[in-house]
Amino acid sequence: MLQIYNTLTKEKAPFQPLEEGKINMYVCGITVYDFCHIGHARVMVAFDVITRYLRARGWDVNYIRNITDVDDKIIKRAQENGERPDQLTDRMIEAMHDDEDKLSVLRPDREPRATAHMQDIIDMVQVLIEKGYAYAAANGDVYYRVEKFADYGKLTNKNVDELRSGARVEVQDAKESPLDFVLWKAAKPGEVSWESPWGAGRPGWHIECSAMSKCCLGDTFDIHGGGPDLPFPHHENEIAQSEAANGVKFVNTWMHAGAVRVNAEKMSKSLGNFFTIRDVLEKYDAEVVRYFLSSVHYRSYIDYSESSLKEARSALERFYQALNGVEAKPAELDNDYDARFYAAMDDDFNTPKALAVMFELVNELNTASRSGDAKAPALAAQLKQLGGILGLLQQSPDAFLQGESKAGEITPEQIEALIQQRADAKKAKDFAAADQIREDLVAQGIILKDSREGTTWFREG
């Protein structure tokens, strides 16, 4: 039975959806003011793997991931660029989709934008005011009364008294309490805004997700996910808003992906170790990056480094070398690889353990290929099928092993020309020249493989 670690209860437990056979899942998406970074990729890939697996297990998954397309950062960046906020966000959404496609991240079933749900947001704020959980302040903002919600802090074990004592009180603060957070912001001159009962303005960040998740999935749903920085305050505030407004439990299972570190340090622009997805994909094959992100358990932090990416490349090379030259043909097999793979994934989506099972399958496939065992094609098909659940091994072996040449690398056309020169040298019995061509290619990371059918090549990771 599927077990999932719940951030709310701090333990793994058997997963039981609200509706038999169907899972409603909402994951906090991206604030689209800049290109996506490798931390975003971690969350994208983690929940893509989770969605793929749940569907492979037969569940009907309704996967919602929102887009925050109005925000202080968006307004500031658009002003700096001399463009409208919607022009900026449209470009960044297109870039995000391009990054996802390269990483084989499937699109969510719905991708609601905050700007398209403004009335839903306003309606929820109005309900919170009517119930006494929110108030309109003198400065035109609307705030949530944190101390009125008795369960505030239950997701992250925050104590309201401790939060109050550590809160900073702003000069001329319009809030009743320093803990209160904004639901609706009064517009500043020249800013994009929407009309509301409290004047022209725009929503605070937290209320957007409460309104959009309710609109897409209802008052209560199965799984809410997000990145490592979201439990507090974002998800804590979502719980407070949604449960106060709707009067029922908000989410049954909370899931959070682990952080990305760079050479054991937190990734940040100030440290100069900040990488966008497109920065990374200029240097590494997209499937290598996806494998790297999937090779560590989704809840654990992951260390981004040159050595980690090289290890990921080497691992994928083992898979594709095993598949190379074998025509995959599904057939019944008497082995336990499927069962052990599913058992690993049923244990809170344990991808490292699932990949270990796949490596055992690779060893058997290699043995079968070398010995001419008739079950090799079925083993290859099994390996591709399990890999597909993780979004891996869907290229042809040649396409992966040869890859696209990166900037400064020798091109496939140049390689093929040198292979022909080597063949001509061998035909002329100039073996020294032929050996030198091989050595020159090895120095550039190109490995040649001779067989009766001719010479093939692949790039060394």
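**Entry 1: the second largest cavity**

I began with the lining of the second largest cavity, which by class has three nonpolar, two polar and two charged residues. I note here that the model is a predicted one. Next I looked up the volume of this second largest cavity, and it is about 40 Å³. Then I listed the residues that line it: Asn324, Asp398, Leu401, Lys449, Thr456, Trp457 and Phe458.

Which elements supply at least two residues each of this lining? I found helix H14 (397-402) and strand S15 (454-459). S15 has the largest share, with three residues.

**Entry 2: the largest cavity**

How many cavities of 30 Å³ or more does a search of the whole structure find? I got two. The largest cavity holds about 90 Å³ of space.

I wrote down its lining in two groups. Arg42, Val45, Ala46 and Val49 are among the lining residues. Leu293, Ser294, Val296, His297, Tyr298, Phe349 and Thr351 also line this cavity. I sorted the lining by class and got seven nonpolar residues, three polar and one charged.

H1 and H9 each supply at least two residues of the lining of the largest cavity. H1 gives the largest share, four residues.

**Entry 3: H1 against H9**

I turned to these two helices next. H9 covers residues 286-294, and its axis comes within 9 Å of the axis of H1. The two axes cross at roughly 75 degrees. What does that make H1 relative to H9? The angle makes H1 roughly perpendicular to H9.

I then checked which residues meet. From H1 I noted Ile38, Ala41, Arg42, Val45, Asp48, Val49 and Arg52. Their partners in H9 are Val289, Arg290, Leu293 and Ser294. By class, this contact of H1 with H9 has six nonpolar residues, one polar and four charged.

Some names come back from the previous entry. Arg42, Val45 and Val49 of H1 are in this contact, and Arg42, Val45 and Val49 also line the largest cavity. Leu293 and Ser294 of H9 are in the contact too, and Leu293 and Ser294 are in the cavity lining as well.

**Entry 4: the largest pocket**

I moved on from cavities to pockets. The largest pocket holds about 1100 Å³ of space. Its lining has 36 residues, and those closest to its centre are His37, His40, Lys73, Asp229 and Leu230.

I sorted the lining by class. It divides into 18 nonpolar, 11 polar and seven charged residues.

Which elements each supply at least two residues of this lining? I listed strand S3 (22-31), helix H1 (38-56), strand S4 (60-68), helix H6 (205-217) and helix H7 (231-246). S3 gives the most, with five residues.

**Entry 5: the sheet with S3**

I followed S3 into its sheet. The sheet is open and has four strands, in the order S4-S3-S9-S10, with parallel pairing. Which are the edge strands? I found S4 and strand S10 (251-256), each pairing on one side only. The twist averages 20 degrees from one strand to the next.

I then looked at S3 and S9 as a pair. S9 covers residues 221-226, and three bridges join S3 to S9. The two strands run parallel. Methionine 25 stands opposite isoleucine 223 in S9.

H6 lies across S3, S4 and S9. It runs at about 150 degrees to S4.

**Entry 6: H6 against H4**

H6 also packs with helix H4 (residues 118-130), at an angle of about 105 degrees. Their axes are 9 Å apart. H4 and H6 are therefore roughly perpendicular to each other.

I noted the residues that meet. H4 brings Asp120, Ile121, Met124, Val125 and Leu128. H6 brings Ile207, Glu208, Ser210, Ala211, Lys214 and Cys215. By class, I have seven nonpolar residues, one polar and three charged in the contact of H4 with H6.

**Entry 7: H2 against H3**

Ile74, Arg77, Ala78 and Asn81 in H2 meet Pro85, Leu88, Thr89 and Arg91 in H3. I sorted this contact by class into four nonpolar, two polar and two charged residues.

Definitions and conventions: Residues are numbered from 1 along each chain as its sequence is written. This is a predicted model: local features need pLDDT of at least 70, side-chain atom pairs count only at pLDDT 80 or more; totals for chains, interfaces and linings use all residues. Side-chain values use heavy atoms; hydrogens and water are left out. On a 1 Å grid over the protein atoms alone, a cavity is a set of points where a 1.4 Å probe fits but cannot get out, and a pocket is an open set with protein on both sides within 12 Å along at least five of seven lines; lining residues have an atom within 4 Å of a point. Grid points are joined across faces, edges and corners, and a volume is the space filled by probe spheres set on the points. Ala, Val, Leu, Ile, Met, Phe, Trp, Tyr, Cys and Pro count as nonpolar, Asp, Glu, Lys and Arg as charged, and the others, Gly among them, as polar. Axes are lines fitted to C-alpha atoms, for helices over the stretch in contact, and angles run from 0 to 180 degrees between N-to-C directions. Angles under 35 degrees count as roughly parallel, over 145 as roughly antiparallel, 65 to 115 as roughly perpendicular and the rest as oblique. Contact means heavy atoms within 4.5 Å. Two strands pair if DSSP finds at least two bridges between them.
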